[in-house]
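Here are a few friendly notes to read with the structure open beside you. Take the points one at a time and look for each place as you go.

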Amino acid sequence: MPHPDAAPSEGGLPKAGRLPRRRRRFQAIRQAPLKLLVGAVLLTVLVAVAAAAPWIAPYGFEDMSILKRLKPPSAANWLGTDEFGRDVFSRMLMGARLSLMMGFAATAVSLVIGVPLGLWAGYRRGPVDEIIMRSTDVLLSFPPIMLGLLMLAVTPPSLWKLIIAVGIVYVPSTVRLTRSITLGLAGEEFVQAARARGEKTFYILHAEILPNAWPPIMVEASLRVTFAILLGAALSFIGLGAQPPSSDWGLMISEARPLLDRAPWVALAPGLAMGITVIAVNLLGDGLREALDPRTKRRGG
Amino acid sequence: MTLYFLKRLIGIVLILFVMSLLVFGITQIMPGNVATILAGQFADASTVAAIEQRLGLNDPAYLQYWRWFSGVVVGDFGQSLVMERPVLPLILEAFASSAILAGLAFVLVTVFGITLGVVAAVRENRFSDHAVSVFSYIGISVPEFFWGIVAILVFARYLGWLPSGGAGNLNDGVLAWVSHLVLPVITLTFTLIAHVSRLTRSSMIDTLRSQYVRNARAKGLPEGHVIRRHALRNALLPTITVLAIDVGWLMGNIVVVEAVFSYPGIGRLLLFAIERHDLPLIQAGILLIAAVYCFANLIADILYGYFNPKIRYGHAAS
Amino acid sequence: MSDILLEIENLDLAYDTPRGTLKALDGVGMSIRAGETVAVVGESGSGKSTVALSVMGLLGSEATLSGSIRYQGRELVGMPAEARRLLRGRAIGMVFQDPFTSLNPSLTIGEQVSEPLVFHHGMDKRAALERSIAALGEVGLPDPAALVTVYPHQLSGGMQQRVLIATAIVCDPKVLILDEPTTALDVTVEAQILDLLDRLRRDRGLGMMFITHNLGVVNRIADTVCVLYAGRLIERGAKNAVLGAPAHPYTKGLLASLPKLSDAGRTRRIAPIPGRFPDLTEPPEGCVFADRCPFVEARCREPQALAAIDDGRLVRCWKSDDLPGWPEAAAVARRPGRSRSGTLLRTDRLTKVFRRGKIGGGIEWKRKFGVFPWPETRTEAVNAVDGISLEVGRGEVVGLVGESGSGKSTFGRTVLRLTNPTSGGITLDGDEIADKPEQELGSLRKRAQIVFQNPDSSLNSRRRVGDAIARAVSLHTNVPAHRRREHCEDLLDRVGLPRGYYDRYPHQLSGGEKQRVGIARAIATEPEFIVCDEPVSALDVSVQATVLNLLDDLRDELGLSYLFISHDLSVVAYIADRIAVMYSGRICEVGPTEAVLQPPYHPYTEALLSAVPLPTPGEEFGERVKLRGDRPPSASERTGCPFHTRCPRSLGALCETTPPPVIEPAPGHRIACHLDIGELNSLPPLQIPRTRKAS
């Protein structure tokens, strides 16, 4: 479960160099297209597949068949079957839905809670800032999985609880990132100018600061999607997330573990699928970061 | 420096205190009456009431907390409900096994992660850089439990070189003991190396582009010296923080990896406790892991302060 | 010609960019002799720093270099990297612009100065350290032996720059390259560093390449001047010739667009260079300056060669022989001393106190959230603004001059309630606004506006240029919504921008254009008073002139009052009716511009004036005032007169303990100083023509 706080870009706003910012960005995108392009294409395909899963899956993901237990990959069952005779390929496709939803929904949760808190803390400072920051200190002092464990241990597991829990795990780091960006932006002259013409705090936050804070927040968020997918899978794997007969990838791997000797494909298929998903999102996030980061395009003179 | 240290020390005490509140609070809202669980499904009401009386479950929450907390301060975490033994020795024994795993993995991560990151940065955009980059992509893209399973499949099942799980007994010889550690440690190391090397690389690249490195080159110093003396030290400052964060990550991963390899450590104990609703065990386990993480951060902060003259001398900024 | 140390010929440099090849340098040539200072002058984008990096061999791998750079006859272009490295530091030393980032934060000064000795001369560490201490002493640092164990962040900017100079000369190189070495420093510190460099050049017979954008600095230090524009060398010659009688139109324009401190310079309107810098990925075939040149003809569109003219100068202009002077913009002389009618803004003992950690102050126990014990550094009060009473009349421009950290920007922002004052009063048109709650400041927000320093940061890069202006219009004026866009376009028109700029984003604008948008935004609320916070400091000289003239015009047309804040005395003297000189949070002198620039003046004003590098040869301050040290007083030293720690005319105990009385040599001219009026009167006046070193 990668910890997003370690990202080196925290608070690092793209600084305007001699070239206008926007033009730099277009250039940069033209220069570093590969990661971004591959990531975007891969992810689009994955999302499409996940969305169409019920229609393109050759079998229902819960259809059992005693006759077809633990069959190796074949023309009929591309990735073989599991111990209940369910088609691994179909289940994997359905799992893509859960995994992507897990990643994006949990990230959305962390953004919805974290970004406003960060904006508020960074702009208003004072006691509110102090309380928010000390709370994130406490939350960050739990290793990420422990916080999830703690939240999930107390109630019967279910997918939506898993999403909320994973989202909350990443709230403190979202708050910190947003706050540090806001701190920097609040001193910028265009924010001072907005204050000088008597704008309300709400307007300054959403119209002046937020549009400039989005790019770095989104870069971090895109990487956090992968953390959320991995953390969600891990929690499902140890039995605190999705419950059988769900086709969550983490759960599938967990269920396939006793059968490793006889049917390794049941465990390998979801693992590889997860790898591809995470790589796609990572490529996209890294591509974005490089494209937005003027440091990668520095020149002397 | 004194102030810097003091602030962090006090901060940790406070954080641990708040944590104990949080852990206790959350475990209180766990479903299922503890007394019912203890007494068994078919026990009559009077037995349950007796147990409740014995454990003080009818007292107000703050009183229960105080009882628990005052015990914790002196090292008494109470009795495990399920195993009916004191929690502390149970936890410590499991923790010791886990510490071996985590410690070994941490050393490997530090050494290899930093080396790979520095090599990649110095040879930016050349073959070795790309190789490290691909390696780390693979490392962070698949969850550690999957690597664990692949490792079991390859090294235990097909090749049969190593045991697939459990812990070795030192009485069976050092080799047997070590052989049980190899797969879990490799699994733990693999995902973290990627993390550390990526961040070390980016921080090293930033440093190599800094004004003071350019100035050092303008002095005509050999490139090797510029890298070692001028760049490395500043570039590794953020890595210290990253490593501390990775300790937290390691403690999380260890839960999963112990589950995969059936390794008798604190992670498995914790999962067992959660399954059985063994409150004192859950509370002690999570608190202990959080405390270890806190102290790892404290050590990192101290190292950071020590290697950063701005903190060591004068500027006692938060 | 054996004393030529460094010779550059036909230097070309190209970068590959996604938009095509960028020609950063094209046919640059110069030579540097022992004991000679060659200034390389140009605005941003001229390629002047690139020349330095080419000589040092520190360009990135994406640069393609051709031509010739010879050090004592040895060709450097194409030399193996290792041989090149051995020359760096030992034969050619270099000092970079920003002292704050050029020293390694985690190594001691001693190590950083001495390590080149270890590698170049194979000295052992102990001997190297000893040599370093000597070098640190040579660059005028006090107590060099104690300095070697210190880390960079413990030194002031001026001291850090001295350390960098010591590092560059410690291996006794013959050539020293300085890339804007004083740009990041205050003018009084700049003067100290320039003196130091001049002394080093004489003592050591160094050949110096001095890169700068500041023609005043050139005049003070250079023997020979190379003027660069868009990567081309356009004029080269002896300093007095180039600055005294510029031959190339660009050089003429550059000099004409500088505000000057002399009486004549202040009353005559400065003449800007129109137009924009050319795109170097598609450089024009002919003269690179043709598009901005008032003398342009058809032949200028053909490639231009460097041609020698009478006095041995080289000029890249075919008709430099018979060019008139740079055309005077609007021959109308500026109306001196426009009258003010009544007071618009008044501050009364305005004070702003910040608290900051006291170094070595020990630990103080506080309560966090009122409960937990929590250690904090003992803090000390910093009076950023320390009881300032100042008036701005209706229609008047008051200039506020001071060095970094003097509190001038804080004062400007406090006046507008962008930060809240600690104590004291602010009245706008009789209305007390110092302690009104934010919700009741509507009238202030309409009537008082601000123009900022940094063109990149003053506009929101994610919003259209028109949006910020329209927002101000809708908040504070009665312009109906359907007329708003037209109204904003009128405002753009007014600040000299095309109406179509309404839909542009800031990145599509040049620095000067952004600054104009900032001005349009400020006048959009139809204010009476504008705080101009260093509005031209981030701009190139030629652009600075256009913005200054715009502000000057708007003031007349709209009847505005300005509080014009700047560190640059020449700029303030050009635009302001009255000047207030600020030091360490206090005003030490205030009065009409002419009065402040002449004795009697405050010793600090005298020091500032004498430190300003003047661009005209022969125009020199009699004797430069030498200030002690280079930092403002610490909190504990701020007793009596805050200037006493550096004042060369300090009377000792009196100045250290008693706040100075205010003398009023003439109505409206006030000086806070213990010296009596006779002494202040006898301070040397600004311009005494004087022949400088004859080398």
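1. Chain B and chain C bury about 3,100 Å² between them, with carbon and sulfur atoms giving 65% of it. Buried area here is the accessible area (1.4 Å probe) that two parts lose on being put together, summed over both. Please keep in mind that this is a predicted model, in which local features need pLDDT of at least 70 and side-chain atom pairs count only at pLDDT 80 or more, while totals for chains, interfaces and linings use all residues. Residues are numbered from 1 along each chain as its sequence is written, chains are lettered from A and ligands numbered from 1 in the order in which they are written, and side-chain values use heavy atoms, with hydrogens and water left out.

2. How many residues of each chain are in contact? On chain B there are 29, and they meet 36 residues of chain C; contact means heavy atoms within 4.5 Å.

3. Between chain B and chain C there are 2 salt bridges (a side-chain nitrogen of Lys or Arg within 4 Å of a carboxyl oxygen of Asp or Glu). One to look for joins B:Arg229 to C:Glu111, at 2.5 Å from N to O.

4. Which element gives the most to the side of chain B that touches chain C? That is α1(B), with 7 residues. (Helices are DSSP runs of H or I, at least four residues, numbered from the N terminus.) By class, this side of chain B has 12 nonpolar, 9 polar and 8 charged residues. Ala, Val, Leu, Ile, Met, Phe, Trp, Tyr, Cys and Pro count as nonpolar, Asp, Glu, Lys and Arg as charged, and the others, Gly among them, as polar.

5. Now look inside chain B. Its domain assignment, which is automatic or from a database, gives domain 1 (2–73) and domain 2 (89–307).

6. In contact are 19 residues of domain 1 and 16 residues of domain 2.

7. The count between these domains of chain B is 1 salt bridge. B:Asp301 and B:Arg8 form a salt bridge, with their closest N and O atoms 3.1 Å apart. On the side of domain 1 that touches domain 2, α1(B) has the largest share, 13 residues. That side divides into 15 nonpolar, 3 polar and 1 charged.

Key:
Helices (H or I, at least four residues) and strands (E, at least two) are DSSP runs, numbered from the N terminus.
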